[in-house]
Amino acid sequence: MSAPESPAAEPVALLDAVCCIHFCAAGKAGLLLAILMKLNWEIQVPAEVSEEVLGKKGKYPALPAPWRRFIAHDRVRVLEKITIDRADQAAVRDTVARLRGTDAALALGARKDLGEHLVIGHGIVLRDAGRRVYVLMDEQTGSDRADAEGLGVIDIEQLLLLGHRLQVSGLQTRAEVKAVYDAIEPYGESLRPWKETRLRDDVAAKGS
């Protein structure tokens, strides 16, 4: 008799900086965590993304404290920073170099969109290892790049809709979803006004 198969590993959610900044700057880090935990996704954050989030403290002074609490949670894993010389990081490093169309040293040294490329790079390596991967990303260029690589892309509107459908506390009614969206919308440039979102039509009015 053959041994039973081990249960499939839970899906991985890789977080880009934009989503984290919106939620944490608005004081909604706990809600972000609650949605991801309800989805039962393994939560991973590249170290470079965490640095990018903390780098916004000058613009959003209230950001660092909730972000540090978020990444300290036992369900959140901050990945080690990718360096040029570690052999065990070669797969991610080479993937980022391919995505950026240059050698590894230049790929890691270019700060613009580095976190975004590392989210996608980690995602590709995990996907190729057999994991189901979602990237939480809200900027169009990065989302298109991730989609082209065959990764599941979840933007903020989709994330809130998932939270609503799962009846996460604070997102149970249309009014609550709108209130959260209105709270996080000012913190960055990726979100459009509520009246232009898919959420306005996709979130059921029933029970609001």
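This is a predicted model: local features need pLDDT of at least 70, side-chain atom pairs count only at pLDDT 80 or more; totals for chains, interfaces and linings use all residues.
Residues are numbered from 1 along each chain as its sequence is written, and side-chain values rest on heavy atoms, with hydrogens and water left out. Local features need pLDDT of at least 70 and side-chain atom pairs pLDDT 80 or more, while totals for chains, interfaces and linings use all residues.

**View 1. The largest pocket.** Here is an open set of points on a 1 Å grid over the protein atoms alone, where a 1.4 Å probe fits, with protein on both sides within 12 Å along at least five of seven lines. Its volume, the space filled by probe spheres set on the points, is about 360 Å³. Of the 17 lining residues, Val18, Ile21, Glu52, Lys56 and Glu139 are the closest to the centre; lining means having an atom within 4 Å of a point. α1 (17-25) gives the most, with four residues. The lining has five nonpolar, four polar and eight charged residues (Ala, Val, Leu, Ile, Met, Phe, Trp, Tyr, Cys and Pro count as nonpolar, Asp, Glu, Lys and Arg as charged, the others as polar).

**View 2. The second largest pocket.** Look for a volume of about 290 Å³. Among its 14 lining residues, Arg77, Leu79, Glu80, Ile82 and His122 lie nearest the centre. β3 (76-79) and α7 each give two or more residues.

**View 3. Where α1 meets α9.** The two axes, lines fitted to C-alpha atoms over the stretch in contact, come within 11 Å and cross at roughly 60°. Cys19, His22 and Phe23 in α1 touch Ile156, Leu159 and Leu160 in α9, with heavy atoms within 4.5 Å.

Conventions
Axes are lines fitted to C-alpha atoms, for helices over the stretch in contact, and angles run from 0 to 180 degrees between N-to-C directions.
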